[in-house]
Amino acid sequence: MHRTAGFVLIAGLIFVLCPDVLGLYTSSDVNTSKQSYFFGAKDAADILCYSKTLLKGSVMPQDVSYTNPTAAKNINFITLAADRYSTHGFTADISSGKIGTTTVTIKINAKSILPYAIIVKYYCVK
């Protein structure tokens, strides 16, 4: 086998078999393909009590916080999802409050200028 052909074959195999390697060469601190997160467990009776969309072009990181004004109507489930796939994923963590209480804040980190929208939904006890 010719030396150049061997190099091309190896480089091609790395590209096909190790797509996560490409994430190491981005300019963002967030190198993940995660496009959605969830926290808690949704009961069949839970209702959507708050929704927020972080639009494409938003400056990151951001906090999304919700406090249910109705006492004893705890937040049981939170979902976050990108509106389209991107090689630049995002991370999400609960920064204050907790599932099963009336107040939860989610810290979202992504590329400094968000290249897609993220939809955040909070589900509460009915």
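1. Setting aside neighbours within four places in sequence, valine 104 is in contact with Val64, Ser65, Tyr66, Ile75, Ile78, Ile94, Ser96, Gly97, Lys98, Ile99 and Tyr122. Contact here means heavy atoms within 4.5 Å. Valine 104 sits in strand E6, residues 103-109. Helices (H or I, at least four residues) and strands (E, at least two) are DSSP runs, numbered from the N terminus. Valine 104 counts as buried because its relative accessibility is 0%. The cut-offs are these: buried is under 20% relative accessible area, exposed is over 50%, and partly exposed is in between, with a 1.4 Å probe and protein chains only.

2. A word on what you are looking at. This is a predicted model, in which local features need pLDDT of at least 70 and side-chain atom pairs count only at pLDDT 80 or more, while totals for chains, interfaces and linings use all residues. Residues are numbered from 1 along each chain as its sequence is written, and side-chain values use heavy atoms, with hydrogens and water left out.

3. Now for the sheet that holds E6. Three strands form an open sheet in the order E3-E6-E5, with antiparallel pairing. Two strands pair if DSSP finds at least two bridges between them. At the edges are E3 and strand E5 (91-97), each of which pairs on one side only. On average, neighbouring strands of this sheet are turned by 25 degrees against each other, direction ignored. Such angles come from axes, which are lines fitted to C-alpha atoms (for helices, over the stretch in contact), and run from 0 to 180 degrees between N-to-C directions. Between E3 and E6 there are 6 bridges in the antiparallel sense, and threonine 67 stands opposite threonine 103 in E6.

4. The other sheet to trace is an open one of 4 strands. Its order is E1-E4-E7-E2, again with antiparallel pairing. E1 and strand E2 (47-54) are the edges: each has a single partner strand, so one side of each has no neighbour in the sheet. Here the twist averages 10 degrees from one strand to the next.

5. E1 and E4 pair over 5 bridges, and tyrosine 37 stands opposite leucine 80 in E4. On the E7 side, E4 and E7 share 7 bridges, and the bridge partner of leucine 80 in E7 is valine 120. E4 itself is mostly covered, with 6 of its 8 residues buried. Finally, E2 and E7 run antiparallel and are joined by 7 bridges, with tyrosine 50 opposite tyrosine 122 in E7.

6. Next, the inside. The largest nonpolar core has 22 residues, and those touching the most other members are Ile78, Leu80, Phe90, Ile106, Ile108, Ile118 and Tyr122. Strand E1 (36-40), E3, E4, E6 and strand E7 (118-124) each give two or more residues to this core. A nonpolar core is a set of buried Ala, Val, Leu, Ile, Met, Phe, Trp, Tyr and Cys residues joined through side-chain atoms within 4.5 Å.

7. How many disulfides does the structure hold? There is 1 disulfide, where the term means a pair of cysteine sulfur atoms within 2.5 Å. It joins cysteine 49 to cysteine 124, S to S 2.0 Å. Cysteine 49 is in strand E2 and cysteine 124 in strand E7, so the link ties together parts 75 residues apart in sequence. The angle about the S-S bond is 55 degrees, and the link is right-handed. Cysteine 49 counts as partly exposed because its relative accessibility is 23%, whereas cysteine 124, at 1%, counts as buried.

8. Last, have a look at lysine 73. Lysine 73 lies in the loop between strand E3 (62-67) and strand E4 (75-82), and is partly exposed because its relative accessibility is 26%. Beyond neighbours within four places in sequence, the contacts of lysine 73 are Asn68, Thr102, Cys124, Val125 and Lys126. A polar atom of the lysine 73 side chain lies 2.7 Å from the backbone oxygen of lysine 126. The C-alpha atoms of these two lysines are 6.9 Å apart, although 53 residues separate them in sequence.

Terms used:
Polar contact = N/O pair within 3.5 Å; in protein donor to acceptor, adjacent residues only side chain to side chain.
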